[in-house]
Number of protein chains: 2
Amino acid sequence: MNDSALPRQASETRDRILDAAEALFVEHGLEATSMRMITGRANANLAAVNYHFGSKDALIQEVFRRRLTELNRQRLAALDRLEAEAQGAPLKPSRIVEAFFGTALALAADTEHGGHTFMRLLGRTYTEPNAFVRQFLAEEYAEVLERFLGALYRALADVPREEILWRFHFMMGAMSYAIAGTDALQLFAGTFDDADPQRLMPRLMSFLLGGLRAPLPVFSAARDAAEGAAAA
Amino acid sequence: MNDSALPRQASETRDRILDAAEALFVEHGLEATSMRMITGRANANLAAVNYHFGSKDALIQEVFRRRLTELNRQRLAALDRLEAEAQGAPLKPSRIVEAFFGTALALAADTEHGGHTFMRLLGRTYTEPNAFVRQFLAEEYAEVLERFLGALYRALADVPREEILWRFHFMMGAMSYAIAGTDALQLFAGTFDDADPQRLMPRLMSFLLGGLRAPLPVFSAARDAAEGAAAA
DNA sequence: GTATGATTCAAACAAACGTTTGAATCGACT
DNA sequence: AGTCGATTCAAACGTTTGTTTGAATCATAC
């Protein structure tokens with residue numbers, strides 16, 4: 001028996017199902033994608049999903065897990081590299097942001113191996129109402145968020161942590177829409193030159209860093225009268 | 001017959017259904033919300049939805065239409081006011097951004113009449129895969145986007161229009177997440193002080209304007225070697 | 001009071017859903 | 001050849017889905 005070797009023929013059906021599900025989830029959403037659509041596209045039998053994954057929910061989870069685990073591993077590795085280079089010195093906020101969002105954008109730029117497809121799916125899923133998907137995302141992100149937010153707190157020691165938290169949240173939103181919404185939002189003008197993910201990276205990074213570095217907000221009690229109040 | 005007067009008793013069932021649907025769509029999503037959940041919450045008969053709206057799709061459309069029409073009317077009114085005040089002079093970009101996003105945030109701050117609920121729904125819907133919802137959103141937004149983008153083009157005449165378009169897109173993403181994701185993204189730290197929509201406005205506005213004003217990106221051919229290349 | 005149009009209601013409809021079943025098929029090892 | 005575990009398959013399972021139906025109920029107008 002070869003229980004130590006790789007599985008017989010790597011059950012390519014399993015992978016076909018994952019790929020088909022990923023693509024269909026982007027196209028129609030999680031709930032609107034049926035098992036029959038998935039197995040049909042994967043050229044597999046209807047029962048194959050339940051055989052290989054147990055349930056539709058478990059399949060959804062695995063679709064996210066296989067990509068997200070690798071993405072977050074890369075993110076942590078990038079942060080590790082930064083901190084090693086800095087040798088204890090505080091990191092540049094822009095480098096931290098690049099490590100987090102740049103890694104994601106690199107995956108989104110990969111149209112060959114489905115990375116682009118997945119990132120479109122992921123971007124939409126942060127606001128997914130499905131309870132167990134959110135729960136799963138939270139667990140999968142816990143360590144990465146703790147590490148990156150901690151790094152930002154140290155890099156911007158004079159900025160209130162609450163503000164950093166919010167701005168990180170805003171940045172996640174901008175990135176998610178940039179990826180998930182490029183074709184969705186053809187609201188925007190007829191010709192939306194989205195077909196250039198190579199240029200998306202510097203575009204988004206400029207925007208994110210501009211937002212991160214923006215002057216802190218002033219919470220004026222009566223903001224109606226606040227005309228030209230500037231705050232540095 | 002009183003065909004000129006208001007409908008007998010304003011068919012309050014219709015409104016109860018709309019309110020129930022709106023709340024449930026936020027909670028569970030469009031597809032995962034069934035007619036029976038809606039009519040159950042609205043204390044109406046199952047057939048009432050088809051009687052008053054024709055179909056579930058038509059109900060979805062009406063849930064968005066009743067709020068979105070008013071929101072975009074306010075946005076256009078705010079822009080009209082700005083342009084009237086300026087008397088032909090170019091507008092300040094920050095004012096344009098405030099007119100567009102501030103109006104939406106004001107609606108999101110209204111927790112009394114369901115505005116907050118709706119904005120959470122709307123924010124998620126820009127990336128909604130459902131084809132006909134997107135089609136409907138595109139139509140509903142066409143005029144507003146044309147007006148506001150046009151105003152930004154004139155206010156930032158020296159900035160390439162493509163960059164403005166992208167940054168507007170990024171801003172939409174940041175805002176949508178700020179609203180739609182506050183409770184969804186309790187990924188972020190245990191205690192996320194989201195319960196203060198009064199402070200969300202200045203926070204988000206600072207971020208958006210920082211991003212809008214950020215230095216334009218440089219598209220370096222070989223970005224691997226670009227270590228400390230600074231661009232102003 | 002009675003006719004009329006609008007609304008509500010319980011019940012049923014066919015279709016699609018995720019899942020389960022038990023037999024058929026396959027590949028590898030003895 | 002024969003056994004065994006893994007995988008595939010067609011068929012059916014019981015629910016739930018959005019929608020339709022025809023009678024009951026209501027408020028109003030004559």
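**Exercise 1. Determine the handedness with which α7(B) and α8(B) cross, and describe their packing.**

Solution. The crossing of α7(B) and α8(B) is right-handed; a crossing counts as right-handed if the near helix is turned clockwise from the far one by less than a right angle, and as left-handed if anticlockwise. The model is predicted: local features need pLDDT of at least 70, side-chain atom pairs count only at pLDDT 80 or more, and totals for chains, interfaces and linings use all residues. Residues are numbered from 1 along each chain as its sequence is written, chains are lettered from A and ligands numbered from 1 in the order in which they are written, and side-chain values use heavy atoms, with hydrogens and water left out.

Next, the geometry. Helix α7 (residues 131–155) and helix α8 (residues 161–180), both of chain B, pack at about 125° with axes 10 Å apart. Helices are DSSP runs (H or I, at least four residues), numbered from the N terminus. Axes are lines fitted to C-alpha atoms over the stretch in contact, and angles run from 0 to 180 degrees between N-to-C directions. The two helices are therefore oblique to each other (under 35 degrees is roughly parallel, over 145 roughly antiparallel, 65 to 115 roughly perpendicular, the rest oblique).

Finally, the contact (heavy atoms within 4.5 Å). From α7(B) come Leu145(B), Leu149(B), Leu152(B) and Tyr153(B), and from α8(B) Arg161(B), Ile164(B), Leu165(B) and Phe168(B). Seven of these residues are nonpolar, none polar and one charged (Ala, Val, Leu, Ile, Met, Phe, Trp, Tyr, Cys and Pro count as nonpolar, Asp, Glu, Lys and Arg as charged, the others, Gly among them, as polar).

**Exercise 2. Classify the packing of α4(A) with α6(A).**

Solution. Helix α4 (residues 56–86) and helix α6 (residues 115–125) of chain A pack at about 100°, with their axes 11 Å apart. α4(A) is therefore roughly perpendicular to α6(A). Among the contact residues are Phe64(A) and Arg67(A) of α4(A) and Phe118(A) and Met119(A) of α6(A). The contact divides into eight nonpolar, two polar and one charged residues.

**Exercise 3. Describe the surroundings of DNA strand D.**

Solution. By class, five are nonpolar, seven polar and four charged.

Definitions and conventions
Near = heavy atom within 4 Å.
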